[in-house]
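Q: Could you walk me through reading a helix pair and a strand in this model?

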Amino acid sequence: MKNLQNYLFKLCGECLPSGFEREEKSVEALLAPLVDEVHKDSCGNIIGCRKSAFGNAKKIMLDAHLDEIGLMVTKIDDAGFIHFTNLAGFSPIALPASSVMVKGKRNLSGVVATLPPHLLSAEERKKPIEMKKMVIDVGYPAETVRELIKVGDPIILRQGCAELLNDRITGKALDNRAGVAVILDMLTTLQKMPLAMDLYVVFSAGEEFSGFGALNAAMEIAPDEAVVIDVTHGESGGTPRGKAFPLGCGAVIGVAPILSGAVTDRLKEMAKQYVIPYEMEPINGRTGTNSDQIATSRCGVPTGLVSIPLRYMHSGCEVADLKDLKAVSDLLSRYVNRGGARYE
Amino acid sequence: MINQLKELVSKKSVSGNERVVASYIKEQILPYADKVYEDALGNLIAVRRGEGPKVMVMAHMDEIGLVATFADDKGFIRVSAVGGVHPQKTAGRPVIFENGVMGVFVAGKEQKMSDCYIDIGAKDQRDALSRIEIGMTASFVTETFETGEKIVSGALDNRIGCFCLIEALKRLKNCSCEFYAVFTVQEEVGLRGAKVSGFEIAPEVALAVDVTLSGDHPEGADTSASLGKGCAIKMRDRSAICSREVVEDLENLAARKGIPIQRDVLSSGGTDIGSVQLLGKGVQVGGLSIPIRYCHSAIEMADRKDVEATIALLLAYLEK
């Protein structure tokens, strides 16, 4: 689990809001030693490939999205406050009093400014604040801010990762750096083993926006099957029953109309056979993950979904359990090693 | 500028019914393209050969409007919206059906689309249905005029973009790319024309020339885009996040040529590149936007300096 934690801490330090993934360099460097070849495509996906020891092998694509939720500068007012809009995935609920980073000519730390409760009327105190009424304060006067920051620059949450008790980690962008860390850890496990399948791993761009990265990658790779690794909701006070999973429960295997029964069954079989803790997650309708895009790409790609329970999703203090990450990593390495899904 | 724009706006083209404006544009561009053709959906495509990457530039020909769903007993025509029609912005406007029958668009008290109707002055249901057919589209009647530096007209979204693309074809001298100018259909109802045209052309870079909302008037959008400050380079809207390389290319070109530009971040709305970006292995996309006031009302306002800047930047990109 130390390996997983190291990867996770490095990954969560990166600033990769949707649409800005192409500027990234260090994730490629983490992936390169674990695969035969790595490249970055035009939309910002990082794609790594390990070829099978056998000719004519099936192609499997493992996808974990690399991007994180973000905001975008819309204007800088005469007092130097930065106005912003949602770039991807942000809800106004998680924003007030957050510590953020604005990526301009220089990276600037800022805070999401809010009025003190003393200055609000009783009526205003009851209502959530709208995003368009919030501003970011970076401390500088307007002319300096305008010099360093332009309309269209991205903004992300500033928190890094920290250890909590009991193998738990808190930080921003665990959605879905947890999934990326799992794939890197799995590749480490598989390193000494020959593969029965051609393995393509995709750290995809733009999931929090529209899933464009996964769609483009599936078109390029043309996989025979795919497994998406993403996060699901972790149980915490107030989560609705059946929509969240206790931290530490293991790998969460999705069951949904869009997902392939053959892939899902095989994932479950592997978990049972190798005594890997797991739960099933029934999803009606869209899964809200890249599986929706990949499964309907090309002539249809049989796709599975494995999730990691995560508390406080899309906030700066998401919480995950390394034991769950380990379970997903183990499940995937077994799944790939044993040749993927079986079709009868 | 104003005369050509008047011609463009007078050819009504509610989404799905773009033939009239398409044939007008075709006439205009024929002498300036190596090949001009239409596809099955009605997209109008002009090709200019050149050495270099395939660049697709889109401007949508369609406009928002209404479609007749039924006539009630008293002869009032009930309607559905085609694209983003807001009754509060368009109530009380005269409208014209595709066969020339005119009427008034009336909104209910609550300004819900389901309460809206068109009054063509019919006696009863029979009379109404003898003059228009169910399924016919109606567009808002508008005037096109200049006031100072500003241009005022309905359907500036997006005839002004069509105008820029036509001008670019006319003025383009040394094309440094394989240039596909595409006048798309059905943008206002889900970026549909662009999707099939993009699939056929499979470009390396796709640009959209379209309007954007400005924030420079009372109750304007929460954006810094303003009339008169230049061509607005799209950063993101609801349909796409633009490629950094394309944004940088456009900004560097503008700086070199002294073309005024501003940046455009749109919290709502989308444009044709949204569907092209998702095609194949992915397409690098960017947008050249003309800021307008009162978007999707029957009367919109743009600044001619922004239009000129947009044409200049587009030409610089195609000739670089």
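Q: How are two packed helices described?

A: By the angle between their axes and the distance between those axes. Here, in a predicted model, helix α1 (residues 2-10) and helix α2 (residues 19-29) of chain B pack at about 145°, axes 9 Å apart. Axes are lines fitted to C-alpha atoms, for helices over the stretch in contact, and angles run from 0 to 180 degrees between N-to-C directions. Helices (H or I, at least four residues) and strands (E, at least two) are DSSP runs, numbered from the N terminus.

Q: Which residues of α1(B) and α2(B) meet?

A: Contact means heavy atoms within 4.5 Å. Q4(B), E7(B) and L8(B) of α1(B) meet V21(B), Y24(B), I25(B) and Q28(B) of α2(B).

Q: Which residues of α1(B) are buried?

A: Buried is under 20% relative accessible area (1.4 Å probe, protein chains only). In α1(B) that gives I2(B), Q4(B), L5(B), L8(B) and V9(B). They sit on the same side of α1(B), because they cover an arc of only 155° around the axis; the arc is that of the directions from the helix axis to the C-beta atoms.

Q: What about strand β13 (residues 205-213) of chain B?

A: Eight of its nine residues are buried, so β13(B) is largely enclosed by the rest of the structure. Two strands pair if DSSP finds at least two bridges between them. Strand β3 (residues 54-60) of chain B pairs with β13(B) in the parallel sense over four bridges, with M56(B) opposite A206(B). Strand β16 (residues 284-292) of chain B also pairs with β13(B) in the parallel sense, over nine bridges, and L213(B) stands opposite I292(B).

Q: How are residues and chains labelled, and which values count?

A: Residues are numbered from 1 along each chain as its sequence is written, and chains are lettered from A and ligands numbered from 1 in the order written. Local features need pLDDT of at least 70, side-chain atom pairs count only at pLDDT 80 or more, and totals for chains, interfaces and linings use all residues, while side-chain values use heavy atoms, leaving out hydrogens and water.

Conventions:
Buried means under 20% relative accessible area, exposed over 50%, partly exposed in between (1.4 Å probe, protein chains only).
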